[in-house]
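Biologist: I have a multi-chain model open and would like to learn how to read it. Could you take me through it feature by feature?

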Amino acid sequence: MKSDLILRVIAKLLMPFTLLFAVYVQFHGDFGPGGGFQAGVIGAAAVVFYSIIFGLPAGRRLAPERLVEAMLAAGVLLYAGVGLAGIALGGNYLDYFVLGADPVAGQHRGIFWIEAGVALTVAGVMLKLFYMFAGRSRDL
Amino acid sequence: MFEHLPALQVVLPLVAAPLIVLVRSRRFAWLATTAVSYACLVISVALFTRIAANGAVSYAIGSWPPPWGIEYRVDALSGFVLVAVSLTASFVAPYAQRSIAVEVSRDRHYLIYAMYCLCLAGLLGITITADAFNLFVFLEIASLATYVLVALGPDRRALVAAYQYMILGTVGATFYVIGVALLYLMTGTLNLGDIAARLQAVEDVRPVLAALAFITVGVGLKLALFPLHQWLPNAYAYGPSMATAFLAATATKVSVYVLMRYYFTVFDPAALFEHLPTSEVLILLSVASMVATSLVAVFEPDVKRLFAYSSVAQIGYITLGIGLDNQASLTGSIVHLLNHGVTKGAIFLLLGGVALRCGAPALGVSALAGLGRRMPLTAVGLVIAGLSLIGVPGTAGFISKWYLILGAIERGQWWLVAVIAAASLLAVAYVWRVVEAAYLRAPAAEEAPREAPAGMLAAGLAMVLLCVYFGLDTSFSVGGAREAAEFLLRGLR
Amino acid sequence: MALTVVAMALQRNLFSVVVLSSAYSLLMATVLFALDAADVAMTEAAVGAGVSMVLLLGALALVGGGEAKPLHRPALPLALSVAVGAVLAYGLQGLPAFSDPHAPIHTHVAPRYLKEGPKETGVPNVVTAVLASYRGYDTLGETIVVFTAGAGVIALLRRVRSRRK
Amino acid sequence: MSAIFDHYPYWVTIFLMIAGTYIVIARGNLLKKLIGLAVLQTSVYLLYIAPGKIVGGTVPIVAERFILYSNPLPHVLILTAIVVGVATLALGLAIVVRIREAYGSIEEDEILARDRADGDRAAQ
């Protein structure tokens, strides 16, 4: 598929919009359906799509394996870290009330960060899964 | 800081895993794992002493009051199981370093430590949570980590074992969720204490009965309740040694704990044991398991599988205590959670050392020939742990069987005393096969004595000492178990 | 939807089974949306028809999409699964009727989420509020499950350099 | 009659569950067993979501215009369940791929036969 000009152009054009959609789903989760998990899947799908059209090495250049592995750990750490921050600021574990000036602002901040953590981990895992399954077929 | 211990108990190993994956260093992974295991032990002991003095501790995660938020609850029973799990972990973690070095390829080391941390966090999370659905989530964390641990075993049969375990484990977890769904639909809540309170007002008992059936079968699959034990022998036999030791000592025990928790604190135990044939069914299954799987163990050629079948038989003792439903038998069951965990942990830790020196992933009984001369300390350790498995006075195994027999007598079930004795005789038979091979058979080739690496041997022997210690000083083990049994029986009656 | 599942059970060509399972997921997502579960429907469509499909096809490419073998003794498994279904059917008879507003799940716990949720958390999508805040710990667990699966797949499928030498 | 209609979504659940369990137990192909497992897991979704629906209610996103909403709690639980399901599937597929590489087959009976042959050879 690497040689198909139309596909290549469309893929390049679609990439930013897919990523933008992922960001929309991420931040619109408060008001409509969506959230970190769905955003992570969509974001990963953008890169997967890119790698299918341009080949796996190109995809790996866009999102290197090391970065992806760091992403999946960092997301969980971010989430758990928000929880620990709750303890540090005098609340219980995962207590968002203490994170901001007033309870609702704290809730907002907490939800924002944990959704970011979820998206990070999910995108990392989905990409990693794709790399693992797709990369393996080559040497069989 | 003190009031946050329930959360930290689970969060520490939970955070260690991604840190290990982030750093990717073998040395850091081992250090973090060991540090976390010891920290968990300290926390669990602190919690245990605290609840012994002040009663149960409740912790609202996110500061949302239950039943709206998720509650962590440490009481006499869960506190005891927390100590039992983290105690084993603190022996397995130092052992892992050498054991993994031989059995798993180098660039996977940090991942196996991460899996071990996740498994530990999952098991602790199952124990401490007071929320039915949260329990499922942590059950899945522990299970997924376990499947990976087993699949990383040195033999290709480990893969098939992990696959079978995974299919049955997932079916079990799904059944559990169905059971929880029925309870939720009838009560509108997921908090275990709240469910129990609201179940008493439920008029139509049919959904509750179905929930009971689904949860029993689902958890039964996880704890290898006879005849749902088919996954266990292979998973234990082909996984890496440290994984086998850890799982044998903790995973099935935590599932038994879940069963106890549901039977005595969620469902109405009075109705459960008086109007339903729960007692009879549990006792029959336990007896079948004790006799049948012990018989299989007597004829099993592979040593690890032999002791795996013996594990299924020992789980039979524990469920027997639940079925008998009185103070003495429950004390026996709960203390057997700890005692059998320590005993089996010791055996599998030592066998890991033997497998390492024999150089073969599958360990036939004949491979133990002359072990008394080749690895004298290991052989002595195996014999002592074997005695504890049989239930010889002076070892941990004796204590739990003693209480089970007391419980059987209290119920007037003399035939069960005979069954326990018969099963112990079968245990003598299979342990004797190991002893006979180790001391009475000449080694295949004459070679200089060579023990397992110091770290592995020390961890194994330390656990053997623990077997003897819990056989002599029962103030913690029986004391804690008695409190827990009282707590269960007080439950809703 | 039921027909798709029957076809999946009977079909022996693995590739068809994968495609059917994806169609099944989309149908499931439609049903879920009809039941007001917008978030769930969106996720099921993305995961069931998207991620699972890609994973299954990837794995199929690796293991070869041959024909599965025919069954030898279908009677016993069928009896067993019907027995399980019967237990569930027995239990379901006693549940509150569909869409009964007085059922316990509508009168206990959930009303607070709907009434106070937007005020207490400032998030009008109650599903997000419950997911991220009230039961945020479950979501942490869920993220860990995903992480475990990811790390586990790395551990299982990473190519071992030492073995090749 | 009303007993059947009042519980209509449940009958779908039961049917899906029977089908899923059947595929898991009866099929010898490792990949197909995993798909059966997925069907079994999805059967649970309806069991949770369907009772949460209130006829005339709407998606639980609070706005001024609506007063009646469907129950959000089951939605949250099932979101988690879906994620757990796909995680299990991914791990299962990885194990199947490894099995295929080690044994050259993904049929249960062939794999067991090969293991038995190994055992016999070791015993001789």
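**Reading the chains and their interfaces**

Modeller: Start with the order of elements: along its sequence, chain A runs α-α-α-α-α. Keep in mind that this is a predicted model.

Biologist: How many helices and how many strands does chain A have?

Modeller: Chain A has 5 helices and 0 strands. Its C-alpha trace spans about 60 × 30 × 20 Å along the principal axes.

Biologist: What share of the residues in chain A is buried?

Modeller: Of the 140 residues in chain A, 54% are buried. Sequence separation is another thing to read from the contacts. Taking contacts in chain A between residues at least 6 apart in sequence, 62% of them join residues at least 24 apart.

Biologist: Now the core. Which residues touch the most other members of the largest nonpolar core?

Modeller: That core has 329 residues, and those touching the most other members are A:Tyr93, A:Phe133, B:Tyr262, C:Tyr137 and D:Tyr48. Helix H6 of chain B, residues 157–187, contributes the largest share of this core, with 22 residues. Apart from this core lies another one of 13 residues, including B:Val287, B:Tyr317, B:Leu416 and B:Val419.

Biologist: Take one of those residues. Which residues is B:Tyr262 in contact with, leaving aside neighbours within four places in sequence?

Modeller: The partners of B:Tyr262 are B:Ala132, B:Tyr176, B:Val180, B:Leu183, B:Leu192, B:Ile215 and B:Phe267, once those sequence neighbours are set aside.

Biologist: On to interfaces. What is often given as the size of an interface?

Modeller: Often the size is given as the accessible area lost when the parts come together. For chain D and chain C, about 7000 Å² is buried between them, and 77% of this is on carbon and sulfur atoms. D:Tyr22, D:Arg27 and D:Leu79 supply 9% of the area that chain D buries against chain C, more than any other three residues. Counted by residues, 71 of chain D are in contact with 81 of chain C.

Biologist: How many salt bridges are there between chain D and chain C?

Modeller: The count is 0 salt bridges between chain D and chain C. Polar contacts are a separate count: 6 residue pairs between chain D and chain C, with both residues at pLDDT 80 or more.

Biologist: Which helix gives the most to the side of chain D that touches chain C?

Modeller: Helices H2 (8–26), H3 (30–52), H4 (72–103) and H5 (108–123) of chain D each supply at least two residues of that side. H4(D) gives the most, with 23 residues. Sorted by class, the side of chain D that touches chain C has 50 nonpolar, 12 polar and 9 charged residues.

Biologist: And how many residues of chain D are in contact with chain B?

Modeller: Here 36 residues of chain D are in contact with 28 residues of chain B. The buried area between chain D and chain B is about 3000 Å², with 79% given by carbon and sulfur atoms. Across this interface there are 0 salt bridges, and 5 residue pairs are in polar contact, both residues at pLDDT 80 or more.

Biologist: Which helices of chain D each supply at least two residues of the side that touches chain B?

Modeller: They are H2, H3, H4 and H5 of chain D. H4(D) gives the most to the side that touches chain B, with 15 residues. By class, that side of chain D has 25 nonpolar, 5 polar and 6 charged residues.

Technical notes
Residues are numbered from 1 along each chain as its sequence is written. Chains are lettered from A and ligands numbered from 1 in the order in which they are written. This is a predicted model: local features need pLDDT of at least 70, side-chain atom pairs count only at pLDDT 80 or more; totals for chains, interfaces and linings use all residues. Side-chain values use heavy atoms; hydrogens and water are left out. A nonpolar core is a set of buried Ala, Val, Leu, Ile, Met, Phe, Trp, Tyr and Cys residues joined through side-chain atoms within 4.5 Å. Buried means under 20% relative accessible area, exposed over 50%, partly exposed in between (1.4 Å probe, protein chains only). Helices (H or I, at least four residues) and strands (E, at least two) are DSSP runs, numbered from the N terminus. Contact means heavy atoms within 4.5 Å. Buried area is the accessible area (1.4 Å probe) that two parts lose on being put together, summed over both. A salt bridge is a side-chain nitrogen of Lys or Arg within 4 Å of a carboxyl oxygen of Asp or Glu. A polar contact is a pair of N or O atoms within 3.5 Å; within protein, one must be able to donate a hydrogen and the other to accept it, and residues adjacent in sequence count only if both atoms are side-chain atoms. Ala, Val, Leu, Ile, Met, Phe, Trp, Tyr, Cys and Pro count as nonpolar, Asp, Glu, Lys and Arg as charged, and the others, Gly among them, as polar.
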